Amino acid sequence: MRFFHLSDLHIGKHLHYYNLAKDQEMILSQIVERAEEYRPDAIIIAGDIYDKTVPSGEAYQLFDAFLNQLSELSPVIPVMIIAGNHDSADRLQYASAFLEKHQIYVSVMPPLAQEEYLKKITLKDEYGEVDFYLFPFMKPGYVRHLFEDENISDYETAFRLMLEREALDATRRQVLVAHQFFVNAGQAPETCDSEQLSIVVGGLDAIDISVVKDFDYVALGHIHGAQKLGDGKVRYCGTPLKYSVSEEKHRKSISLVTLGEKGTDLQVEEIPLEPMREVRRIKGQLSEVMGAATQENRHDYVSITLTDDKETFHQKELLEEVYDHILEVIVDNARTRNILEQMSGEEKLQTPLEAFREFYQMMQQQTLSAEEEEIMQQVMEKIDYEAN
Ligand SMILES: [Mn+2]
């Protein structure tokens, strides 16, 4: 049994001020091409299909076109989708009965009633059957009412109890699809800036991988860098594109998982994805940064750090003549380091006027004149008046 493991598409996402629709359209087509080439027996998408709970029309169209292209492959490849924490259950559920006719299986909520169970899809290969269990993103509060005798306060207990009520059979080949924060004996996965993890007090959202030890493979979403937890049966496949500068060094890919006979070793191949534009950091003096541009790299998404001691007003304009997708320009020199040092001191509560005075001093190396002070006073009063 060979299947693609994907997650965290975050369709509709922006990178700083750039709409990534074209990049996403291109990468989704690439996934369809790879599906045509590798002919997996199934495609798993482990949550966070959309970036927002209310996706834009453009985002819907992108995902719709993707599913449409996949369903046109013949013979058809079953697709299994779960909701992540960024998805809205209702919206992802839309047309799911119709989609099932095309072997696109969508699960948006864990079982909420006593008679409900996880959606299970059974596929066959030369070694027999494989059960895929779809377990969408869950908070303990969603399922607490199913266990009246238990006092559930953490994700791990809720997740374990939810699996215990399933008719799991460890003698069969079983794959779990989930979207949670898994840890290996207290060791957390490596995270990055685009996940926007809401920190749960006391790490109550962490689920240890021992809870899922009876599965032959656990296809996870939620963490945006591809990585395995433990011996490799529990894996995050990562996003198909870099969604923050912190992912500069990531190699984005499709995970191709090959599940052999029960008890034999699993194989995971990372099929590289080639983005329309790279996401890179460049650091140096203005002249060096300008000189580093080539025909190939000047269209990349770049985060530029300038180290010149002398700052000019035109540096952004100069850079924009060379690089056409600048994410940010950061100045890292003696002056900015000095400011950072000053700011790292005790934080104080300031009035807007006090804050402006300090800002002015920092930028101009001089204090406000009496006249300027007077004008700012009036501006602040006007803002205050209009805000109330
Ligand atoms: Mn995500």
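Trainee: In what sense do β7 and β8 pair, and over how many bridges?
Mentor: Antiparallel, over seven bridges. Strand β7 covers residues 119-125 and strand β8 covers residues 128-135. Keep in mind that this is a predicted model.

Trainee: What joins β7 to β8?
Mentor: A hairpin, through two residues.

Trainee: Which residue does L123 stand opposite?
Mentor: V130 in β8.

Trainee: What sheet holds β7 and β8?
Mentor: An open sheet of six strands, in the order β7-β8-β9-β12-β14-β13. The pairing is mixed. The edge strands are β7 and β13 (227-229), and each of them pairs on one side only. On average, neighbouring strands in this sheet are turned by 20 degrees against each other, direction ignored.

Trainee: How do β9 and β12 pair, parallel or antiparallel?
Mentor: Parallel, over five bridges. Strand β9 spans residues 173-179, and strand β12 spans residues 217-221. L176 has V218 in β12 as its bridge partner.

Trainee: Zoom out. How many helices and strands are in the protein?
Mentor: There are 11 helices and 19 strands. The C-alpha atoms fill a box of roughly 80 × 55 × 40 Å along the principal axes.

Trainee: What share of the residues is buried?
Mentor: Buried residues are 33% of the 388. As for contacts with a separation of 6 or more, 71% of them involve residues 24 or more positions apart.

Trainee: What's the strand order in the sheet with β15 and β16?
Mentor: It runs β6-β5-β4-β1-β15-β16. That is an open sheet of six strands with mixed pairing. β6 (104-107) and β16 stand at the edges with a single partner strand each, so one side of each has no neighbour in the sheet. Neighbouring strands here are turned by 20 degrees against each other on average, direction ignored.

Trainee: How many bridges join β15 to β16?
Mentor: Six, and the two strands run antiparallel. S253 stands opposite P272 in β16.

Trainee: Which strands does α1 touch when it packs on that sheet?
Mentor: β1 (2-6), β4 (42-46), β15 and β16. The direction of α1 makes about 25 degrees with that of β15.

Trainee: And the loop between β15 and β16, which residue is found there?
Mentor: E261 is found in that loop, between β15 (253-258) and β16 (267-272).

Trainee: Is E261 buried or exposed?
Mentor: Exposed. E261 has 11 other C-beta atoms within 10 Å, and the cut-off for exposed is 12 or fewer.

Trainee: Which residues in α1 meet α2?
Mentor: A21, Q24, E25, L28, V32 and A35. On the α2 side they meet E58, L62, F66, Q69 and L70. By class, the contact has seven nonpolar, two polar and two charged residues.

Trainee: What follows α10?
Mentor: Q365, whose phi is positive, near 60 degrees.

Notes: Residues are numbered from 1 along each chain as its sequence is written. This is a predicted model: local features need pLDDT of at least 70, side-chain atom pairs count only at pLDDT 80 or more; totals for chains, interfaces and linings use all residues. Two strands pair if DSSP finds at least two bridges between them. Helices (H or I, at least four residues) and strands (E, at least two) are DSSP runs, numbered from the N terminus. A residue is buried if 20 or more other C-beta atoms lie within 10 Å of its own, exposed if 12 or fewer, and partly exposed in between; C-beta atoms are placed from the backbone. Two residues are in contact if their C-beta atoms, placed from the backbone, lie within 7 Å. Ala, Val, Leu, Ile, Met, Phe, Trp, Tyr, Cys and Pro count as nonpolar, Asp, Glu, Lys and Arg as charged, and the others, Gly among them, as polar. Axes are lines fitted to C-alpha atoms, for helices over the stretch in contact, and angles run from 0 to 180 degrees between N-to-C directions.
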